Amino acid sequence: MSRPRSRAALIPALWLGIFFAFPFLLVLKLSLSDSALAMPPYAPQIDWAGGMEGLKRFFGALDFDMYRRLTEDRLYLDAYVSSLQFAATGTILALLVGYPMAYGMAKCKPGVRSVLLMLVILPFWTSFLIRVYAWVGILKPEGLLNAFLKLLGMEPHTLLYTPAAVQIGLVYSYLPFMVLPLYAALERLDHTLLEAAADLGSPPWKSFWQVTWPLSIPGVIAGCLLCFIPMVGEFVIPDLLGGPGSLMIGRSIWMEFFANRDWPFASAVAIILLITLVLPIVLYQRQQARALEMGR
Amino acid sequence: MSRAPAKPAKPAKPEGRRLNIGAVRSSFAPWNDPAAVPLVRFEGVSKRFGTQTAVDNVSLDIYPGEFFALLGPSGCGKTTLMRMLAGFETPDAGRITLAGEDLAGVPPHKRPVNMMFQSYALFPHLNVEQNIAFGLKQEGMAKDEIKARVSEMLDLVKLTPFAKRKPDQLSGGQKQRVALARAVARKPRMLLLDEPLGALDKKLREETQFELMDLQVELGITFLIVTHDQEEAMVMADRIAVMNEGKAVQIGRPEEVYETPASRQVAEFLGDVNLFETKVEAIDHPMAHLEAAESQAGFYVLDDDCPGPGATVWLAVRPEKMRISLDPPEPGAKNTLAGEIWDIGYTGDWTNYIVELPGEKLVRVARANSQRFVERPIGWDDKVWVSFDPDAGVVLVS
């Protein structure tokens, strides 16, 4: 490997070290500690004054108690499973909504495209929290949705504090993360490929499945991972829109950390979540590498 | 042994005798047969994009088994004309028929023609084999039949060892052959080729020209090729339609469009030409007397299509049909111009002499370097005489 290249690789490595590896090690250390009624609320503390002997004592006190507790309480396993379910359903729904959106955008004239692209990004200009609160206003019993249903002469439905509300909130919030990579993939698609398909006897709907869809797969994978990964750990949406039934792991972590002040346990939950998510991240990276190779 | 070349003793050609046009004899000429039925007919076809007219009232017939070329500079409408036949554009006016059937309203995927795209448009997610099989799959052909046809096509374009490669693992020439195999795999009534050799280097292009011609004979498919390269069109095509600004300005055999261009435009587009603006002095059938005020010269040429005395016409003489000499002509010799060498371009097989005539008129004379040793080479600023035979020039009225 040439020298300049390895030097350039140092920058992301440094970045990863400061913003990922170091915090991760802190949380990992925390998850191996025990809860304590103290300030800070965990033990053991590193005894810097004790020198080597102190460090030895510190490492000796670390254990896997928190992880053991995690397996004993079904609540957390349920929360993991339901988080993964919410995220998977949300990702599929976002794909179903986002693909036609991205496809339509890519088919527009370049001038219209940039306007539509602007509109997709526009929600980011408002606080995420406020946008989720807005859904409370829409979904609550006397909210906009029911007013509209009443206008049509239909039965009112209360969606707020149900799993459906969480699902709506997830799809709404993460839709741009689905649309943008899909749009990038579809916009790059060479139009003459579709002409070639038509020329070779493929009607338009078949060309979509034979040409457009397979060539947009990198965008589909990128969009799905960009939605799925943060959705699993989502905490604000289930907190604001979900009822007691919509259990999500992000909310559990928050509860343990701030309501119960059980930092070590919250850390253990977070570490398990991270390990669960590493798998799709690795898949994503491998796909990115392959896409790069294809593009060459 | 003398190394000096013998001066070519040209046999005196009887004045005004009309011989066959060009150097190629071909018996394939369905366009001259009133009973022949064209495969494709363009009848008064026009196409506008916004305010721009891309194709302007083009009518032409293409006969079964023909290798037909649409030749013209970029933006002349040749590609649009082809795309209308493929079904990617709809004519604003006129009719396109294929084997007597009006193609209006027939979508591209239902037309019995296939196209080879300029960019090749190979499917990047499919390998060579799958690319070639694509069109066969759409027809619902049986699996083993597809397999047999694909291997036949791979064999035809000599790509069998590359069957499992993806397009981005192929060279330009290999991609071109995959595109070709994919387009002919369905055995279409007609193959459309959009600048098929544009992306290849010169050597490969020349080889591929002959390969394409052989392939056409082998498959018996009618070929329509779009190109801006006149050599490509001349080498391969039975007939050429020269296009300019949306119009088909001349249709004919390569020899016809080269040797008897219909206008100055065609003459200038196909190869090099020397044009003299002249006035008709007298018609003395079969010869015409022309007077060029600009170069203070008189010309004596065949009176084909020449208007009566007083009209302004252009005399077009190809550089290779002119002679250059260091010796003054015999007194009374016709079509002889005195001048001075302005520039010399030596290309190996040919030498191009640019000669300045009186009135600062430049003419180009090309001479084949048929001898390795020359007794009296021509140099810069030499006084020379340029001459041509009475049947070497074409009289053009437009």
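How many Å separate the centres of domain 1 of chain B and domain 2 of chain B, taken over C-alpha atoms? Hold that thought for a moment, everyone.

First, some ground rules. This is a predicted model, where local features need pLDDT of at least 70, side-chain atom pairs count only at pLDDT 80 or more, and totals for chains, interfaces and linings use all residues. Residues are numbered from 1 along each chain as its sequence is written, while chains are lettered from A and ligands numbered from 1 in the order in which they are written.

Back to chain B. Its two domains are domain 1 (30–264) and domain 2 (272–396), with bounds that come from an automatic or database domain assignment. Their C-alpha centres are 39 Å apart. Where they meet, 4 residues of domain 1 of chain B contact 5 residues of domain 2 of chain B; contact here means that the C-beta atoms, placed from the backbone, lie within 7 Å. On the domain 1 side we find 1 nonpolar, 2 polar and 1 charged residue. Nonpolar covers Ala, Val, Leu, Ile, Met, Phe, Trp, Tyr, Cys and Pro, charged covers Asp, Glu, Lys and Arg, and the others, Gly among them, are polar.

Now chain A. Its assignment gives domain 1 (23–63) and domain 2 (69–295), and 38 Å lie between their C-alpha centres. Each of these domains of chain A puts 9 residues into their contact. On the domain 1 side, helix 2 of chain A brings the largest share, 4 residues. Helices, by the way, are DSSP runs (H or I, at least four residues), as are strands (E, at least two), numbered from the N terminus.

Let's look at a helix pair. Helix 5 (residues 74–107) and helix 9 (residues 163–187) of chain A pack at about 45 degrees, their axes 6 Å apart. Axes are lines fitted to C-alpha atoms, for helices over the stretch in contact, and angles run from 0 to 180 degrees between N-to-C directions. Helix 5 and helix 9 of chain A are therefore oblique to each other, since under 35 degrees is roughly parallel, over 145 roughly antiparallel, 65 to 115 roughly perpendicular and the rest oblique. The residues of this helix contact comprise 21 nonpolar, 4 polar and 1 charged.

Finally, the two chains together. Chain A gives 14 residues to the contact and chain B gives 16. On the chain A side, helix 10 of chain A gives the most, with 6 residues. By class, that side of chain A has 8 nonpolar, 3 polar and 3 charged residues.

Conventions. Contact = placed C-beta atoms within 7 Å.
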